[in-house]
Amino acid sequence: PLSLTVSRVRSFSRARARRARRRRYKNKAPYTAKVVSCKRIVGPEATGETCHIIMDHKAQMPYWEGQSYGVIAPGTNPKNGKPHTVRLYSIASSRYGDDMTGNTGSLCVRRATYWDPEMGKDDPAKKGVCSNFLCDTKPGANVKMTGPSGKVMLMPEKDPKTDLIMVATGTGIAPYRSFIRRLFFEETPAAEKYQGLAWLFL
């Protein structure tokens, strides 16, 4: 029943908030998450490729909407022989994760490539190391992660009739995907009470 789900969500959110204040993984001691799924989420005619990656962190990396995870790609930088530096990605799931258990977090990642007009194809030497690593992952793969970090960006929930205008032309869709899930896909107090209009500009 919805009432039972809402009650569990409230209890879970309070516990999650306490854990979030205690845990934050650093570059020198990252958390190793496991990939649950990696799916292309744009059509065949789209410019470039964007993938949705769900990772299981066993509830060890709780977060709030608007925060980011850091990802450390495997291997070393060929220019200096040192491990790859961390890359930050906005978290694309709500605080409950895509599975509503708080055990997962998801990223929406655009594969970074460079089209060389002289070669007439993508130049593999200039591709984004971390984005390509993430878009190529398979279920069960390990991903070294840091964070969560950054300021939160929460929906205004005091007035359920508040209209939301989400402009994703610069930051990308990731932080607003968490809003859309909270409003229209999850059985939460926010979704139950919301009566406003939600505008998303891409």
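Modeller: Happy to! Let's begin with a term: buried means under 20% relative accessible area, exposed means over 50%, and partly exposed is in between (1.4 Å probe, protein chains only). This is a predicted model, where local features need pLDDT of at least 70, side-chain atom pairs count only at pLDDT 80 or more, and totals for chains, interfaces and linings use all residues. Residues are numbered from 1 along each chain as its sequence is written, and side-chain values use heavy atoms, with hydrogens and water left out.

Side chains of opposite charge can pair when their charged atoms come close. A salt bridge here is a side-chain nitrogen of Lys or Arg within 4 Å of a carboxyl oxygen of Asp or Glu. The structure holds 9 salt bridges.

One of them joins Arg-111 and Glu-49, at 2.7 Å from N to O. Arg-111 lies in the loop between β5 (104-110) and β6 (115-116), and Glu-49 in the loop between β1 (31-40) and β2 (50-56), so the pair ties together parts 62 residues apart in sequence. Strands (E, at least two residues) and helices (H or I, at least four) are DSSP runs, numbered from the N terminus. Glu-49 is buried, with a relative accessible area of 19%, and Arg-111 is buried too, at 15%. Both belong to a network of salt bridges that also links Arg-40 and Asp-136.

Elsewhere, Glu-186 meets Arg-181 in a salt bridge at 3.8 Å, N to O. Glu-186 counts as buried at 5% relative accessibility, and Arg-181 counts as buried at 15%.
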